[in-house]
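Look at the metal site before anything else. The report then moves to a sheet and a helix.

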Amino acid sequence: MNVEKIYRDANALLEGHFLLSSGNHSRFYLQSAKVLENPKTAETLAKELASQIKKYNLKIDTVCSPALGGVLAGYELARSLGVRFIFAERVNKKMTIRRGFEIVKGENILMCEDIITTGGSALEAAKVAIDMGANIVGYAALANRGFCKRVGSDLETSPTCKLPSNLPFFALEDFKFDIYEPENCPLCKDGSIAHKPGSRGN
Ligand code: ZN
């Protein structure tokens, strides 16, 4: 499966000259919600991710995602795996699992995001699930920003990755982009101006 092409075709992988929220510049930007705009595409990606996970023979009872970004990806993944789905959400900045979702003691939960950067939100949601009795069996995402090592990739984990190293992390593709400080940005040197993603109709 050519995951990068699917992202490009969905306008989820943008190419240009972007001003990131960190203040740095990049040639690429991942608008990851766009790839899930079409439910058929979401289903295709989730099925592929599920097939990779199934090879690992994990016992999975439930998929859990941090809202909002992870919910669509996690729901489709749960459908493909044939298990139930719950989500965690922030209330006053604190991650919680509510809405009547219950976790039985020892329930095997796979955490799922649409995209993993450092994995911070997924880890926070996992901690809440663990407090409710869950056994976290692994992490999954459609896309990996390349800071955490996923199963089957040669990219090494960077120190910024927050996911536990003793659990498998599954993702379909690494999207590792060069990030430039504005004063060292080759795109600026070529005379173009960085713009915020979304400000030009993307
Ligand atoms: Zn620049």
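In this predicted model, the four donor atoms around the zinc ion subtend angles of 95 to 118°, so the arrangement is tetrahedral. The cut-off for that label requires all angles to lie between 85 and 135 degrees. Ideal angles for four tetrahedral donors are 109.5 degrees.

The donors are His-17 (NE2), His-25 (ND1), Cys-185 (SG) and Cys-188 (SG), at 2.0 to 2.4 Å from the zinc ion. Along the chain they follow the spacing H-x7-H-x159-C-x2-C. His-17 and His-25 are both buried.

Next, the sheet. Three strands make up an open sheet, in the order E1-E2-E9, with antiparallel pairing. Strands E1 and E9 stand at the edges with a single partner strand each, so one side of each has no neighbour in the sheet. Five bridges join E1 to E2. Phe-18 stands opposite Ser-26 in E2.

| Strand | Residues |
|---|---|
| E1 | 13-19 |
| E2 | 25-30 |
| E9 | 179-180 |

Now helix H4. It covers residues 120-131, twelve in number. From first C-alpha to last, H4 reaches 17 Å, close to the 16 Å expected at 1.5 Å a residue.

Which residues of H4 are buried? They are Gly-120, Ala-122, Leu-123, Ala-125, Ala-126, Val-128 and Ala-129. Their cover includes strands E3 (62-66), E4 (84-91), E5 (94-96), E6 (108-116) and E7 (135-144). After H4 comes Gly-133, with a positive phi near 110°.

Note on methods. Residues numbered from 1 in each chain as written. Predicted model: local features only at pLDDT ≥ 70, side-chain atom pairs only at ≥ 80, totals over all residues. Heavy atoms only, no water. Pairing = 2+ DSSP bridges. Helix = DSSP H or I, 4+ residues; strand = E, 2+ residues; numbered from the N terminus. Donors = N, O, S within 2.8 Å, 3.2 Å for Na, K, Ca; no water. Tetrahedral: all angles 85-135°; square planar, octahedral: opposite > 155°, others 65-115°. Buried < 20%, exposed > 50% of the residue type's maximum accessible area, 1.4 Å probe, protein only. Expected span 1.5 Å × (residues − 1). Contact = heavy atoms within 4.5 Å.
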